Amino acid sequence: MRAEDRLSGPNIDAEELPAAVLWDMDGTLVDSEKVWSISLAETARWLGGELSSQAREDMIGSNMARTLGLMFEDLGLDRDPVRMAQAEKWMTERTGELFAAGLEWRPGALEALRMVRAAGWPTALVTNTERALTELALETIGREHFTVTVCGDEVPHGKPAPDPYLRAAELLGVPVQECVAVEDSPTGATAAETAGAAVLVVPCEVPVPAGPGRVHRRSLAGLTADDVRDAYARVRADRVA
């Protein structure tokens, strides 16, 4: 059943319904930022240093290339391509071990995924995490929740660039301006907002600034189809005002 068939009624304008819902993964659906904190800290020690709390915060929502750059800068290391490739391999393998052990859902995330699918909206998983690790995470999350998936190593530029969200909308065959993106980090919110999507912000590890294309919510717990529609309608109204 299409979302407009299920949701339209006397109080809901079909033009205010989003065409699709686009989900971030780390920190939004699963509590994997804590897993990343472990592998990042261990990678820094493997490189002979200690990762600062500020560098770790700056890495939230980033892709692998930016994360490694921040780490080498924070540790005062030259960006030697060979050494960086070795660090990437070590960190990916360690993170994979942690992902394979299982990931915890963020509050209300599983129920929100099921609600969105039941409402009939096409969905995409849009993550800066690379495909190999995303596949491990999907063993916990479940592939059935997503129409398409887009990973950080499958686009020219990861978040905060808009590329991942533009690609997801392209794969779904819908205008990105008619999508709602659910994000937890400043990096991800910037990517979705720049792409043109309405952003439903559910902060996790760090605060996310307000913005003209953003609607903030404390948690995914209790999220309803009307909440998704209202977030989209609010951003749409602000943009035409």
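Buried, as I use the word today, means under 20% relative accessible area, and exposed means over 50%. Keep in mind that this is a predicted model.

I'll start with helix H5. H5 covers residues 81-100, which is 20 residues. At 1.5 Å a residue, H5 should span 28 Å, and its end C-alpha atoms are 28 Å apart, so the two agree.

Which residues of H5 are buried? They are Met84, Ala87, Met91, Thr92, Thr95, Gly96, Leu98 and Phe99. Looking down the axis of H5, you find these buried residues within an arc of 165°, so they line one face of the helix. The face of H5 turned away from the buried side carries Val82, Lys89, Glu97 and Ala100, which are exposed.

What covers the buried residues of H5? The cover includes helix H2 (33-46), helix H4 (64-75) and helix H7 (131-141). After H5 comes glycine 102, with a positive phi near 110°.

Now to strand E4, residues 179-183. Five of the five residues in E4 are buried. In a regular strand the side chains alternate between the two faces of the sheet. In E4, Cys179, Ala181 and Glu183 lie on one side, Val180 and Val182 on the other, and both faces are covered.

E4 pairs in the parallel sense with strand E1 (residues 20-23) over four bridges, and there alanine 181 is the bridge partner of leucine 22. E4 also pairs in the parallel sense with strand E5 (residues 198-201), over four bridges; here valine 182 stands opposite leucine 200. Between E4 and E5 the chain passes through helix H9 (residues 186-195), and this β-α-β crossover is right-handed.

Notes:
Residues numbered from 1 in each chain as written. Predicted model: local features only at pLDDT ≥ 70, side-chain atom pairs only at ≥ 80, totals over all residues. Heavy atoms only, no water. Helix = DSSP H or I, 4+ residues; strand = E, 2+ residues; numbered from the N terminus. Expected span 1.5 Å × (residues − 1). Buried < 20%, exposed > 50% of the residue type's maximum accessible area, 1.4 Å probe, protein only. Arc of directions from axis to C-beta. Contact = heavy atoms within 4.5 Å. Pairing = 2+ DSSP bridges. Right-handed = clockwise from strand over helix to strand, strands pointing away.
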